[in-house]
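Please keep the sequence and the model in view while working through the numbered points.

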Amino acid sequence: MQLPKLQNVVIESAPDGALGFDVNYPISLDQAKQAFQSGFSFCIRYVPRLELSVNPVGSNDDITFEEANHILDSGLALFLVQHVSNNNWVATSPKGMRYGKNAAVYAANCGFPPGMNIFLDLEEVNSASPPNDIQGFCNEWFDAAIDFGYLPGVYVGSKNGLNANQLFSGTKFEHYWHAASQADPPTPRPGDRGYQLFQPLNLSSAQISKLKNVKLIDTIGLGKNPAFEIDLKFDSTPTLPSITIEDVDLDFTVTDTKGGSIQWIRRYRNPV
């Protein structure tokens, strides 16, 4: 069976300071349009851990070829992250190989081109997992994604089980994403490449100034300019009604100390 291919897309290096969001369920073309028109630059969507025989394309609110086209048609850039296991999961090298392959196979079945970022979600690891096992899991995941031509990245979240040396020197990744958890993601040492993507708890005034016609609805009590587990409520426009995207986390891009950046896809000839 011939796989679908997303057409008219280009892989881009993300600029510094681009604002976007990750969301754990499908968004519509109108929602994506509102987000783009309000100042957001990119969206991050999910792929599953398990095989297509267990999680067929479109199950469990994972991205599909059709949704990817909607997001790209809106003007937003797009890249991917894999669902994490339930809390206290045990890290092993075979599991890393399996999950990395499954992420890549799913992405290919949705038409995503090689050369773009797909992220592993590293968080809530069982505290009994030795750092060597976590590193083995990460590196096998990396190798499996690379085998399909994708650029592996890692979301470094709460209870990831690694210190700065183990993360930046002991894994193969060149794309790192700092979670909203302020305590657990290791602080880069001098010489480490550091993070290319940050998921803040609150936006700065300068970041807020980039957005228009959108309200950040605080759902967990973060206070001024909330950015984590929020709802986005967009004002109506002459062409679009008032729309809400629920339960999203905001993110912003940076160039790391070695000149690396997020590699996303964008539609270069917008048919809308």
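**Notes on the predicted model**

1. Helix α2 (residues 65-74) is largely enclosed by the rest of the structure, because seven of its 10 residues are buried. It should be kept in mind that the model is a predicted one.

2. Which residues of α2 are buried? They are Glu67, Ala68, Asn69, Ile71, Leu72, Asp73 and Ser74. The cover over the buried residues of α2 includes the helix α1 (29-37) and the strands β1, β3 (42-47), β4 (77-82) and β12. Just after α2 comes Gly75, whose phi is positive, at about 110°.

3. Strand β12 (residues 263-267), one of the elements covering α2, is itself mostly covered, with five of its five residues buried. In a regular strand the side chains alternate between the two faces of the sheet. In β12, Gln263, Ile265 and Arg267 point one way, while Trp264 and Arg266 point the other way. Residues on both sides of β12 are buried, and these include the two arginines, Arg266 and Arg267.

4. How many bridges join β1 to β12? Strand β1 (residues 9-13) is joined to β12 by five bridges, and the two strands run antiparallel. Within this pairing, Glu12 has Trp264 of β12 as its bridge partner.

5. Asp143 lies in helix α4 (residues 131-147). Is Asp143 buried or partly exposed? Its relative accessible area is 27%, so it counts as partly exposed; the cut-off for a buried residue is under 20%. The C-alpha atoms of Asp143 and Met97 are 7.4 Å apart, although 46 residues separate the two along the chain.

6. The chain as a whole may now be considered. Its secondary structure consists of six helices and 12 strands. The radius of gyration is 18 Å, close to the 19 Å given by the globule rule for 272 residues, so the chain is as compact as a globular protein of that length. Along the principal axes, the C-alpha atoms fill a box of roughly 55 × 50 × 35 Å.

7. Of the 272 residues, 53% count as buried. Among contacts with a separation of 6 or more, 70% are between residues 24 or more positions apart.

8. The accessible surface of the protein chain is about 11,500 Å², and carbon and sulfur atoms account for 51% of this surface.

Terms used. Residues are numbered from 1 along each chain as its sequence is written. This is a predicted model: local features need pLDDT of at least 70, side-chain atom pairs count only at pLDDT 80 or more; totals for chains, interfaces and linings use all residues. Side-chain values use heavy atoms; hydrogens and water are left out. Helices (H or I, at least four residues) and strands (E, at least two) are DSSP runs, numbered from the N terminus. The radius of gyration is taken over C-alpha atoms; the globule rule is 2.2 Å times the number of residues to the power 0.38. Buried means under 20% relative accessible area, exposed over 50%, partly exposed in between (1.4 Å probe, protein chains only). Contact means heavy atoms within 4.5 Å. Accessible areas come from the Shrake-Rupley method with a 1.4 Å probe; for residues, only the protein chains shown count as cover. Two strands pair if DSSP finds at least two bridges between them.
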